[in-house]
Amino acid sequence: PCPLPQLIRTVPLQPGRNYIFGFHPHGVLAAGAFGNFCTEATGFAQLFPGLSPHLLTLPCWFRIPFFREYLMAGGLVSSEAASLEQLLGGQRGSVAVIALGGPPEALDARPGALKLQLLRRTGFIRIALKFG
């Protein structure tokens with residue numbers, strides 16, 4: 001049997017700031033990230049009181065009628081740079097959750113193997129530096 005997923009806080013975070021969380025591995029449909037950050041399955045609100053997580057996903061998903069509203073209701077946001085900047089520059093206590101390896105990492109997902117793909121995926125770091 002698979003172990004139950006769990007979210008572990010290593011340091012308390014201030015709700016008066018905005019944050020970027022990176023998750024790895026991407027996996028199929030980022031199901032682990034969805035469970036951790038779009039639901040209360042692993043107790044995000046208790047671990048990070050005052051913070052509101054927003055999972056970033058590909059912009060193409062927001063072009064499908066009615067599916068866009070479903071995604072937004074779940075707290076998902078487009079992974080475009082402008083969307084990340086809007087999130088980080090807006091209301092305090094927001095957490096942008098990014099799949100570090102993105103779609104290339106998802107396509108390379110294999111059972112028992114983890115391959116982090118970061119060399120050409122540094123745009124979120126520039127934006128993080130810009131917003132402190």
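Analyst: Start with charge. The protein chain has 11 positive and 6 negative charges, and their mean positions are 7 Å apart. Here Lys and Arg count as positive and Asp and Glu as negative, with His and the chain ends not counted. Each charge is placed at NZ of Lys, CZ of Arg, CG of Asp or CD of Glu.

This is a predicted model, in which local features need pLDDT of at least 70 and side-chain atom pairs count only at pLDDT 80 or more, while totals for chains, interfaces and linings use all residues. Residues are numbered from 1 along each chain as its sequence is written, and side-chain values use heavy atoms, leaving out hydrogens and water.

Now the overall build. The protein chain holds 6 helices and 4 strands. These are DSSP runs numbered from the N terminus: helices are H or I with at least four residues, strands E with at least two. In order, the elements read β-α-α-β-α-β-α-β-α-α. The C-alpha trace spans about 40 × 35 × 30 Å along its principal axes.

Of the 132 residues, 34% are buried. Buried means under 20% relative accessible area, exposed over 50%, and partly exposed in between (1.4 Å probe, protein chains only). Among contacts with a separation of 6 or more, 61% join residues 24 or more positions apart. A contact means heavy atoms within 4.5 Å.

The close look goes to Asn-18. Asn-18 sits in the segment before β1 (19–23). It counts as buried because its relative accessible area is 11%. Its side chain reaches the backbone oxygen of Leu-88 at 2.7 Å. A polar atom of that side chain also lies 3.0 Å from the backbone nitrogen of Gly-93. Both are polar contacts: N or O atoms within 3.5 Å, one able to donate a hydrogen and the other to accept it, with residues adjacent in sequence counted only if both atoms are side-chain atoms. Beyond its neighbours within four places in sequence, Asn-18 touches Leu-87, Leu-88, Gly-89, Gly-90, Gln-91, Arg-92, Gly-93 and Ser-94.

Thr-39 lies in the loop between α1 (31–37) and α2 (44–47). Thr-39 is partly exposed, at 28%. A polar atom of its side chain lies 2.5 Å from the backbone oxygen of Gly-35 and 3.2 Å from the backbone nitrogen of Ala-41. The C-alpha atoms of Thr-39 and Gly-74 are 7.9 Å apart, across 35 residues of chain.

Ser-78 belongs to strand β3 (residues 77–78). Ser-78 is buried, since its relative accessible area is 10%. Its side chain makes a polar contact with the side chain of Glu-80 at 3.2 Å. Its contacts outside four places in sequence are Leu-56, Thr-57, Pro-59, Phe-62 and Ser-83.

Phe-66 falls in the loop between β2 (52–57) and α3 (67–73). At 72% relative accessibility, Phe-66 is exposed. Phi of Phe-66 is near 70 degrees, a positive value in a residue other than glycine. Most residues other than glycine have a negative phi.
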